[in-house]
Amino acid sequence: MEQGERAQSARAVSDGGLDTGGWQRERIVDALRRVVSPRWFFTLAYWRGIKPWDTGITPPELVRTVEGNGPERAAPGRALDLGCGTGTNGVYLARHGWEVVGVDFASPAVARARERVAHAGTLAGRVRFLRGDVTRLARLDLGPPFDLIFDLGCLHGLAPEDRSRYAAGLASVSAPGACFLLYAFGPTRIRGRSAGLTSEEVGAVFAPAWVVERVEHGVDRGDRTSAWYWLRRVG
Ligand SMILES: C[S@@+](CC[C@H](N)C(=O)[O-])C[C@H]1O[C@@H](n2cnc3c(N)ncnc32)[C@H](O)[C@@H]1O
């Protein structure tokens with residue numbers, strides 16, 4: 001896949017992009033968002049296959065972090081994919097030498113991610129997908145600290161109080177010097193309520209454990225502002 005295609009697809013990944021299904025799909029997704037909890041929304045969406053964010057494409061920002069030669073490059077170690085969905089990026093990381101744990105609370109997504117690993121064969125033992133809540137990481141058996149944390153489209157949908165719990169959990173499971181690569185919407189509305197974060201809010205929610213080293217601003221599906229963030233674990 002060409003870089004341009006990857007970038008275009010990656011922009012439609014993160015919260016019910018409409019690239020695959022047209023306006024009916026948009027209306028179904030919006031209606032579902034309003035009437036069910038986030039957990040049930042995602043579980044039903046995966047179960048019914050209405051998951052336009054699930055492009056199967058690893059975004060170029062992660063590819064750059066894993067394979068590039070720039071300052072954001074991270075040497076293989078342990079990686080945690082928060083809100084891992086069906087495992088596209090966890091499997092990508094495992095194929096590139098990382099020992100990976102993916103966490104998602106939607107059981108159909110976790111089941112699909114585990115199937116991918118089973119089919120890949122050679123990845124057994126290098127990647128685990130767990131059903132769990134990213135705002136309650138202490139409840140999970142995650143193993144030793146992580147060197148890379150990845151979040152593509154999960155944090156920005158959490159309620160403010162859940163973001164703080166997410167940040168506290170993240171600080172406790174990451175190694176000193178770890179890289180955190182985050183994709184998040186700017187302020188917007190999801191399921192009829194406020195969602196997304198400003199760059200300042202990202203800096204504040206993860207301080208003092210993390211510093212923001214790099215931000216790349218963009219636009220998701222032509223209307224929502226969004227950004228990629230590279231944060232570094234302090235201490
Ligand atoms: C927009 S999707 C992105 C999925 C995946 N990162 C991708 O790019 O395909 C957001 C994901 O976060 C998961 N999620 C949202 N809130 C969560 C929570 N509190 N705990 C665990 N997973 C959560 C959803 O189930 C969903 O799979």
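The legends below walk through several close-up views of this protein.

**Before you look: how to read the model.** This is a predicted model, in which local features need pLDDT of at least 70, side-chain atom pairs count only at pLDDT 80 or more, and totals for chains, interfaces and linings use all residues. Residues are numbered from 1 along each chain as its sequence is written.

View 1. Helices (H or I, at least four residues) and strands (E, at least two) are DSSP runs, numbered from the N terminus. Of the 235 residues, 42% count as buried. Here a residue is buried if 20 or more other C-beta atoms lie within 10 Å of its own, exposed if 12 or fewer, and partly exposed in between, with C-beta atoms placed from the backbone. Among contacts with a separation of 6 or more, 69% come from residues 24 or more positions apart. Two residues are in contact if their C-beta atoms, placed from the backbone, lie within 7 Å.

**View 2. Seven strands form an open sheet with mixed pairing**. Follow the order E3-E2-E1-E4-E5-E9-E8 across the sheet. At the edges are strand E3 (127-131) and strand E8 (210-220), each pairing on one side only. From one strand to the next, the twist averages 15 degrees. Two strands pair if DSSP finds at least two bridges between them. Strands of a sheet pair through backbone hydrogen bonds, either parallel or antiparallel.

**View 3. Two parallel strand pairs can be picked out in the sheet**. Strand E1 (residues 78-82) runs parallel to strand E2 (residues 99-104), and 5 bridges join them. In this pair, Arg78 stands opposite Glu99 in E2. E4 and E5 also pair in the parallel sense, over 6 bridges. There, Asp151 stands opposite Leu182 in E5. Because 9 of its 12 residues are buried, E5 is largely enclosed by the rest of the structure.

**View 4. Helix H4 (residues 60-67) packs on the sheet**. H4 touches strand E4 (146-152), strand E5 (174-185) and strand E9 (224-233), and its direction makes about 160 degrees with that of E5. Axes are lines fitted to C-alpha atoms, for helices over the stretch in contact, and angles run from 0 to 180 degrees between N-to-C directions. The buried residues of H4 are Glu61, Leu62, Thr65 and Val66. They cover an arc of only 125 degrees around the axis, so they sit on the same side of H4. That arc is taken from the directions from the helix axis to the C-beta atoms. What covers these buried residues includes helix H5 (88-95), E4, E5 and E9.

View 5. An α-helix has 3.6 residues a turn, so residues three or four places apart point the same way. After H3 comes Gly49, whose phi is positive, near 75 degrees.

**View 6. The ligand is surrounded by 23 residues**. The closest are Phe42, Gly83, Gly85, Phe105 and Gly153. By class, the shell has 12 nonpolar, 7 polar and 4 charged residues. Ala, Val, Leu, Ile, Met, Phe, Trp, Tyr, Cys and Pro count as nonpolar, Asp, Glu, Lys and Arg as charged, and the others, Gly among them, as polar.

**View 7. Arg233 is found in strand E9**. Arg233 counts as buried because it has 21 C-beta neighbours inside 10 Å. Leaving aside neighbours within four places in sequence, Arg233 is in contact with several residues, including Ser174, Pro176 and Trp210. The C-alpha atoms of Arg233 and Pro208 are separated by 8.9 Å, although the two residues are 25 apart along the chain. Pro208 is found in the loop between H8 and E8, and the peptide bond from Ala207 to Pro208 is cis, with omega near 0 degrees.

Technical notes
A residue is near a molecule or strand if its C-beta atom, placed from the backbone, lies within 6 Å of it.
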